[in-house]
Amino acid sequence: MAQRLHLVFGGELVDPGKNTFKNVDDLHIVGIFPDYASAFDAWKAEAQRTVDNAHMRYFIAHIHRLRDEETAASSTEELE
């Protein structure tokens with residue numbers, strides 16, 4: 001079975017309605033987790049900790065999807 005790694009990270013957004021970070025140098029890397037459940041717990045803790053800041057947003061990135069080179073990427077996943 002393939003290892004399913006997940007990255008939890010976040011930062012301040014330019015606009016709460018979009019996913020553009022104000023300063024990528026200030027991103028908070030919470031960590032890399034071996035399964036979605038533990039990544040979700042870490043994401044939830046950070047999201048709740050920063051709930052008073054509408055511009056702060058945390059995300060879960062599925063690293064295992066990036067590592068699967070045999071599966072074709074969709075147009076939204078391809079790098080420019």
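Analyst: A place to begin is the strand pairing, where G10 stands opposite Y58 in β3. Please keep in mind throughout that this is a predicted model.

User: What makes β1 and β3 a pair?

Analyst: Two strands pair if DSSP finds at least two bridges between them. β1 and β3 are joined over seven bridges, in the antiparallel sense, and they therefore meet the requirement of at least two.

User: Why are β2 and β3 called edge strands?

Analyst: The open sheet has three strands in the order β2-β1-β3, with antiparallel pairing. β2 (28-33) and β3 (56-62) each pair on one side only, and this makes them the edge strands. Neighbouring strands of this sheet are turned by 15 degrees against each other on average, with direction ignored.

User: How do you know that helix α1 packs on the sheet, and which strands are involved?

Analyst: Contact means heavy atoms within 4.5 Å, and helix α1 (residues 36-49) touches β1, β2 and β3. The direction of α1 makes about 170 degrees with that of β3, on a scale where angles run from 0 to 180 degrees between N-to-C directions.

User: Why is L5 called buried?

Analyst: The cut-off for buried is under 20% relative accessible area; L5 has 19% relative accessibility and therefore counts as buried.

User: What makes V8, F33, A39, A42 and I60 a nonpolar core?

Analyst: A nonpolar core requires buried residues of listed types, Ala, Val, Phe and Ile among them, joined through side-chain atoms within 4.5 Å. V8, F33, A39, A42 and I60 form the largest such core, with five residues.

User: How are the elements arranged along the protein chain, and what share of its residues is buried?

Analyst: From the N terminus on, the order is β-β-α-β-α, that is, two helices and three strands. Buried residues make up 22% of the 80 residues. Among contacts with a separation of 6 or more, 60% come from residues 24 or more positions apart. The protein chain exposes about 6,200 Å², of which carbon and sulfur atoms supply 52%.

Definitions and conventions:
Residues are numbered from 1 along each chain as its sequence is written. This is a predicted model: local features need pLDDT of at least 70, side-chain atom pairs count only at pLDDT 80 or more; totals for chains, interfaces and linings use all residues. Side-chain values use heavy atoms; hydrogens and water are left out. Helices (H or I, at least four residues) and strands (E, at least two) are DSSP runs, numbered from the N terminus. Buried means under 20% relative accessible area, exposed over 50%, partly exposed in between (1.4 Å probe, protein chains only). Accessible areas come from the Shrake-Rupley method with a 1.4 Å probe; for residues, only the protein chains shown count as cover.
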